[in-house]
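Student: Can we go through this one together? I'd like to start with the sheets and then move to other parts.

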Amino acid sequence: MRSAIILFPGTNRERDMAAALKRASGRDPAIVWHAETTLPAVDLIVLPGGFSFGDYLRAGAIAARSPVMAEVVKRANEGVLVLGVCNGFQSLCEVGLLPGVLMRNASLKFVCREVKLEIANTQTPFTHAYRPRQIIRCPVAHHDGNYFADEATLDRLEGEGRIAFRYAEGTNPNGSRRDIAGILSERGNVLGMMPHPEDMTDEAHGALDGLGLFRSIAGIGEMAA
Amino acid sequence: MRARVFVTLKSGVLDPQGQAIQGALGALGFAGVQSVRQGKVFDIELADGADAETELKAMCEKLLANTVIENYRVEFGSDRG
């Protein structure tokens, strides 16, 4: 599986993401600076976590208007897999690849803790290595993870199986509507999620529950290659 | 040409920051505060000759406001601040 990680000023989770991708696929991802206007040929594009542009204006707002994003949108529309984690999820909403917006946590506090996630849809390129309704452990670390969309959009996401992950067992850390932790684009090739699966992929992390996501993607990549 | 852009949360969108500010005002003894909604203000200077109204509307739609949750309003000719 060939992958690329997009780097913005203020991105800080690219190293763990690169390690997780290497672990699952055996290949190092390309690292692409946000000012680039081209991308290498890849099966997966990742927008990692961090605080791109210092969260100025709104989290992900400036990153979403970076030069490289036109190419990310083009590739997404061609069917290339795109994964946005945390700040990456915020940026995917801001650029319009995913509906809705991540608002300030209902508690107004930055949350950094472990939550339980339910795999709400296993028929996706990102989650097929998991069992239906499997509950996994996963860390979160964010200030703006409170997913908001109007009721019609939420109904549509549920009806179309586009909720990939839900906070489970009362662990919703941010007030997110309908316990949404991760959603898919209409075509299913773009996933945005607030929790950090890349930080549950090494024995030293305490569990390997996030590896299924990367193995799912790597499996697709191998089939495509 | 000067313009001032106001970006505010749409009604019905929860504003926890506004609520926290309301709580703090109450703690300072301002007992009559019934609601606080917070927002953003942008002062923008434009070169003369541009179609300012069209330009500013596009700026709001494309960047200054997230229209999923926010409304915007533009005032022209403001020389405040």
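Tutor: What follows goes through the sheets, a helix, a loop residue and the chain contacts of this predicted model.

Student: Start with chain A. What's the strand order in the 9-stranded sheet?

Tutor: The sheet is open and runs β2-β1-β3-β4-β11-β10-β9-β6-β7 in chain A, with mixed pairing. Its edge strands are β2 (30-33) and β7, each of which pairs on one side only. From one strand to the next the twist averages 25°.

Student: Take β1 of chain A. Which strands does it pair with, and in what sense?

Tutor: β1(A) runs parallel to β3 (residues 44-47) of chain A, joined by 3 bridges. β1(A) is also parallel to β2(A), with 4 bridges between them. On the β3(A) side, I5(A) is opposite V46(A). On the β2(A) side, I6(A) is opposite V32(A).

Student: And its side chains, which way do they point?

Tutor: S3(A), I5(A) and L7(A) point one way from β1(A), while A4(A) and I6(A) point the other way. All of these are buried.

Student: Why call β1(A) largely enclosed?

Tutor: Because 5 of the 5 residues of β1(A), residues 3-7, are buried. The cut-off for buried is 20 or more other C-beta atoms within 10 Å of the residue's own.

Student: Over to β10 of chain A. Buried or exposed?

Tutor: Buried: 5 of the 5 residues of β10(A) are, so the strand is largely enclosed by the rest of the structure.

Student: Which strands flank β10(A), then?

Tutor: β10 (residues 180-184) of chain A is joined by 3 bridges to β11 (residues 190-193) of chain A, and the two run antiparallel. β10(A) also pairs with β9 (residues 163-167) of chain A, again in the antiparallel sense and over 3 bridges.

Student: What about the hairpin of β10(A) and β11(A), how many residues sit between the strands?

Tutor: There are 5 residues between the strands. In that hairpin G188(A) takes a positive phi near 90°.

Student: Change of topic: Q134 in chain A. Where is it?

Tutor: Q134(A) is in the loop between β6 (111-119) and β7 (135-142) of chain A. Its C-alpha atom is separated by 9.7 Å from that of N121(A), 13 residues apart from Q134(A) along the chain.

Student: Why is Q134(A) classed as partly exposed?

Tutor: Because Q134(A) has 16 other C-beta atoms within 10 Å. A residue counts as exposed at 12 or fewer and as buried at 20 or more, so the count for Q134(A) puts it in between.

Student: Now chain B. What does its sheet look like?

Tutor: It is an open sheet of 3 strands in the order β2-β1-β3, with antiparallel pairing. The edge strands are β2 and β3 of chain B, each pairing on one side only. Neighbouring strands are turned by 20° against each other on average, direction ignored. Helix α2(B) packs on this sheet, touching β1, β2 and β3 of chain B, and its direction makes about 35° with that of β1(B).

Student: How many bridges join β1(B) to β2(B)?

Tutor: 7 bridges, and the two strands run antiparallel. V5(B), for instance, is opposite F42(B) in β2(B).

Student: Back to α2(B). Which residues are buried and which exposed?

Tutor: L56(B), C60(B) and L64(B) are buried. These cover an arc of only 50° around the axis, which puts them on the same side of α2(B). On the other side, T54(B), A58(B), E61(B) and K62(B) are exposed. The cover over the buried residues includes β1 (2-9), β2 (39-45) and β3 (70-76) of chain B.

Student: How far apart are the end C-alpha atoms of α2(B)?

Tutor: Only 15 Å, for the 13 residues from 52-64. A straight helix would reach 18 Å at 1.5 Å a residue.

Student: Last one. How many residues are in contact between the chains?

Tutor: 11 residues of chain A are in contact with 7 residues of chain B. On the chain A side these divide into 7 nonpolar, 1 polar and 3 charged.

Note on methods:
Residues numbered from 1 in each chain as written. Chains lettered and ligands numbered in written order. Predicted model: local features only at pLDDT ≥ 70, side-chain atom pairs only at ≥ 80, totals over all residues. Contact = placed C-beta atoms within 7 Å. Nonpolar A, V, L, I, M, F, W, Y, C, P; charged D, E, K, R; others polar. Expected span 1.5 Å × (residues − 1). Arc of directions from axis to C-beta. Pairing = 2+ DSSP bridges. Axes fitted to C-alpha atoms, helices over the stretch in contact; angles between N-to-C directions.
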